[in-house]
Amino acid sequence: MSRSRLLGPLARRLDRRIDARLERRHRELRIDERLAAAERAERAERAERALRAELAETREHVRELTERLERVDERLHGLDLLLGRAGRRVHRQPTPAQTDALVRRVAEVTGARPQDARRHTVQAYRTLVEVENRGVGRIAGGTANILGKLATTPLLAPPGGRILEIGTLYGLFAACLARQILRAGHPYHLTIVDPVSAQQLQNGRELRHDLSGTPVTEDVVRANLHAAGVTPERLRLLRGYSTDPAVRAALAGEAFDVIVVDGDHGREGVAADLAWAEEIAAPGAVVVLDDYGDPKWPGVQAAADAHLAAAGTRLSLIGQVTTSAFLRAA
Ligand SMILES: C[S@@+](CC[C@H](N)C(=O)[O-])C[C@H]1O[C@@H](n2cnc3c(N)ncnc32)[C@H](O)[C@@H]1O
């Protein structure tokens, strides 16, 4: 028997077995694929379900936050009415960063411990808000500058409570300062020099009607001071300019422990007020010079720098907090 006749049937049988095995393998592979696809689909479905749940949770969270924000907004509206800028150009809502910067500066200039500088600054803020909201009109200037003056002055330990303010507008800042001086333990007496003109006067500048809508009158100034607790026996209001001979004569021979120079902001006016302060500042008195370094009032710094550089002055610069310079009388 030839070799091919013997191997032929065997080869065909082998072929059939291989075909059958391949066929089975294909079937298995098709099943595996279907299983894998089903598994993928199930995984995708599970992931989708998880995503939908997360989305629903996020939506709920956003809804809750929106409601909470609306409630906060409503509450802030009340605060905004109390502390906002309507009627006074600037708001009374310092940011934490602004307060921190101010506290640091107050501590640097006064040498106070940071916690004491903070306490004075916070108390000054409460005083400012309370007095301004209780009174009519407004306190002139930005919040940081006002707080700087109110917190720094008592920390510089003036020798007593005799206060002179040159330029008062509505009397509200003077009332705040008197309270701060009282807080430091000095019974105060407040003398104010101001023409109490129906509109704020500034040398060489025409100032529009005040945006608080309140005219500056003696009644307004006195009512503000009274409302803030400055009783008549603690107050002397001299109507006139600081350069008026009658005003000078009325205060001749007196000494003041705190002098606030905030009247005429022109160079000559400030120079005249500082020259007067030389005469009436008590030894160790603190002179507060408002708007020093404020670009709106260049005459203030020009006059002060020239005054401090001149020979024979009793005044020396302690330091500057925002736009107020603090001087000490020898
Ligand atoms: C900037 S306001 C004072 C603001 C006030 N000290 C405050 O902090 O709210 C200036 C005031 O000084 C007054 N004034 C202007 N020249 C003056 C002078 N030579 N003597 C006194 N007061 C003056 C103005 O009429 C005005 O009332």
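The legends below describe close-up views of a predicted model.

**View 1**

**View 2. Helix α2 packed on helix α3.** Helix α2 covers residues 96-110, and helix α3 covers residues 114-134. The axes of α2 and α3 come within 8 Å and cross at roughly 120 degrees. Angles of 65 to 115 degrees count as roughly perpendicular, and those over 145 as roughly antiparallel; α2 is therefore oblique to α3. The crossing of α2 past α3 is right-handed. On the α2 side, the contact uses Thr-99, Leu-102, Val-103, Val-106, Ala-107 and Thr-110. On the α3 side, Pro-114, Ala-117, Arg-118, His-120 and Thr-121 take part. By class, the α2 and α3 contact residues divide into 6 nonpolar, 4 polar and 1 charged.

**View 3. Helix α3 against helix α5.** Helix α5 spans residues 172-183. The axes of α3 and α5 come within 10 Å, crossing at roughly 140 degrees. That angle makes α3 oblique to α5. Here α3 passes α5 in a right-handed crossing. From α3, the contact draws on Gln-123, Ala-124, Thr-127, Leu-128, Val-131 and Glu-132. From α5 come Leu-172, Ala-175, Cys-176, Arg-179, Gln-180 and Arg-183. The contact of α3 with α5 has 6 nonpolar, 3 polar and 3 charged residues.

**View 4. Helix α4 alongside helix α5.** Helix α4 (residues 143-155) packs with α5 at an angle of about 30 degrees. Their axes lie 9 Å apart. Angles under 35 degrees count as roughly parallel, so α4 and α5 are roughly parallel to each other. The crossing of α4 past α5 is right-handed. The contact of α4 with α5 counts 7 nonpolar, 2 polar and 1 charged residues.

**View 5. The shell around the ligand.** The ligand is surrounded by 23 residues. The closest are Ala-140, Gly-167, Leu-169, Phe-173 and Gly-263. Helix α5 and strand β2 (189-194) each supply at least two residues of the shell. By class, the shell has 10 nonpolar, 10 polar and 3 charged residues.

Note on methods:
Residues are numbered from 1 along each chain as its sequence is written. This is a predicted model: local features need pLDDT of at least 70, side-chain atom pairs count only at pLDDT 80 or more; totals for chains, interfaces and linings use all residues. Axes are lines fitted to C-alpha atoms, for helices over the stretch in contact, and angles run from 0 to 180 degrees between N-to-C directions. Helices (H or I, at least four residues) and strands (E, at least two) are DSSP runs, numbered from the N terminus. A crossing is left-handed if the near helix is turned anticlockwise from the far one by less than a right angle, and right-handed if clockwise. Two residues are in contact if their C-beta atoms, placed from the backbone, lie within 7 Å. Ala, Val, Leu, Ile, Met, Phe, Trp, Tyr, Cys and Pro count as nonpolar, Asp, Glu, Lys and Arg as charged, and the others, Gly among them, as polar. A residue is near a molecule or strand if its C-beta atom, placed from the backbone, lies within 6 Å of it.
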